[in-house]
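Hello,

Here is the structure I said I would pass on. My notes on it follow below.

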Amino acid sequence: MQINVLAVGDVCGRGGLEFLAHHLEDVKRENRIDFTVVNGENANVVGVKPVQCEDIFRAGADVITLGNHTWTRWEIQDYLSRTSRCLRPVNFAPQCPGQGCGIYETAFGPIRVINAMGRFSLDANTDNPFVVVDGLFPDTAEQGDHVADDVKITLVDFHAEATSEKLAMGYFLEGRASAVWGTHTHVQTSDCCVLPGGTGYITDLGMTGPARSVLGIEVEQSIGRLLGDPPRRYASAGGSCKMECAVFTIESETGRCTAARALRVEE
């Protein structure tokens, strides 16, 4: 049986949330989507609130992933402790609330979702993502809560700055993960493909939010900051929005990806 997995790029601000609410179900229906993962870490422009996570779930997400702004909103900590469907990077310190890997039962078998974060140029005290993620696969791990031989489909959101780090993770997990996609840079890359080992890959999904913006932020504010203006709180750009994402077609019996394509939905 072949299933279609939708991975949606970082949701940015109110505009991104509203666009997701208005368009996600249509995209899922038109592309016969069976399982949806949405990166929501910028839904509050910087960080995300529990109420915004609930908005993303109502829009049609099965799992939410986060990233380097996870702890910007303090109220997310208790929320992460109470839900298994919102993941924070798995290579955060073990005492941090929440989890970075989850296994979700579906009509076509269990799906493992891993959220990891890169270390290059990101100001975060994280463990090595390659070592941590490697330990979540049965061929390299000691038996643990998130290691199960009967899980054929594994999806990885690698939230990272450097294209080199993301590419390396894709090749590192080739033949083991069903799909690996990058988030964080908010610019969709043109390299969506299936690696020879049967792993779907894209360096960055892009973003869901204002089309005329600098990574979701007002253009004028972004330019001013680079010119040396005094810092101020980020303001989400207005205007028409877009949703950037990717669809991975995966064999449920083997976990191998057979097709991968990037999508962009615009107003």
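The residues that line the largest pocket divide into 8 nonpolar, 11 polar and 3 charged. Please keep in mind that this is a predicted model. The volume of that pocket is about 530 Å³. Its lining is made up of 22 residues, and those closest to the centre are His69, Val214, Leu215, Ile217 and Tyr234. The element that gives the most to the lining is helix α6, residues 219-227, which supplies 4 residues.

Next, the chain as a whole. It has 6 helices and 14 strands. Its radius of gyration is 17 Å, close to the 18 Å that the globule rule gives for 267 residues, so the chain is as compact as a globular protein of that length. The C-alpha trace spans about 55 × 40 × 35 Å along the principal axes. Of the 267 residues, 56% count as buried. As for contacts with a separation of 6 or more, 63% are accounted for by residues 24 or more positions apart.

Helix α5 covers residues 163-172, and its buried residues are Glu165, Lys166, Met169 and Gly170. These four lie on the same side of α5, because they cover an arc of only 140 degrees around the axis. On the face turned away from that buried side, α5 carries the exposed residues Ser164 and Tyr171. What covers the buried residues of α5 includes helix α4 (129-134) and the strands β8 (153-159), β9 (179-183), β10 (193-195) and β11 (199-202).

The other helix is α2, residues 50-59. Its buried residues are Pro50, Gln52, Cys53, Ile56, Phe57 and Ala59. Among the elements that cover them are the helices α1 (13-30) and α3 (76-82), along with the strands β3 (35-39), β4 (63-65) and β5 (86-87). After α2 comes Gly60, which has a positive phi, near 130 degrees.

Strand β3 contains Thr36. Is Thr36 buried or exposed? Thr36 is buried, with a relative accessible area of 0%. Apart from neighbours within four places in sequence, Thr36 is in contact with Leu6, Val8, Leu24, Lys28, Gly60, Ala61, Asp62 and Val63.

Finally, two residues other than glycine have a positive phi and can be checked in the model. For Arg32 the value is near 50 degrees, and for Val45 it is near 75 degrees. Arg32 is in the loop between α1 and β3, while Val45 is in the loop between β3 and α2. Where do they stand in accessibility? Arg32 has 69% relative accessibility and therefore counts as exposed, the cut-off being over 50%.

Regards

Conventions:
Residues numbered from 1 in each chain as written. Predicted model: local features only at pLDDT ≥ 70, side-chain atom pairs only at ≥ 80, totals over all residues. Heavy atoms only, no water. 1 Å grid on protein atoms, 1.4 Å probe; cavity = no way out; pocket = protein on both sides within 12 Å on 5 of 7 lines; lining within 4 Å. Points joined across faces, edges and corners; volume = space filled by probe spheres on them. Nonpolar A, V, L, I, M, F, W, Y, C, P; charged D, E, K, R; others polar. Buried < 20%, exposed > 50% of the residue type's maximum accessible area, 1.4 Å probe, protein only. Arc of directions from axis to C-beta. Contact = heavy atoms within 4.5 Å. Rg over C-alpha atoms; globule rule 2.2 N^0.38 Å.
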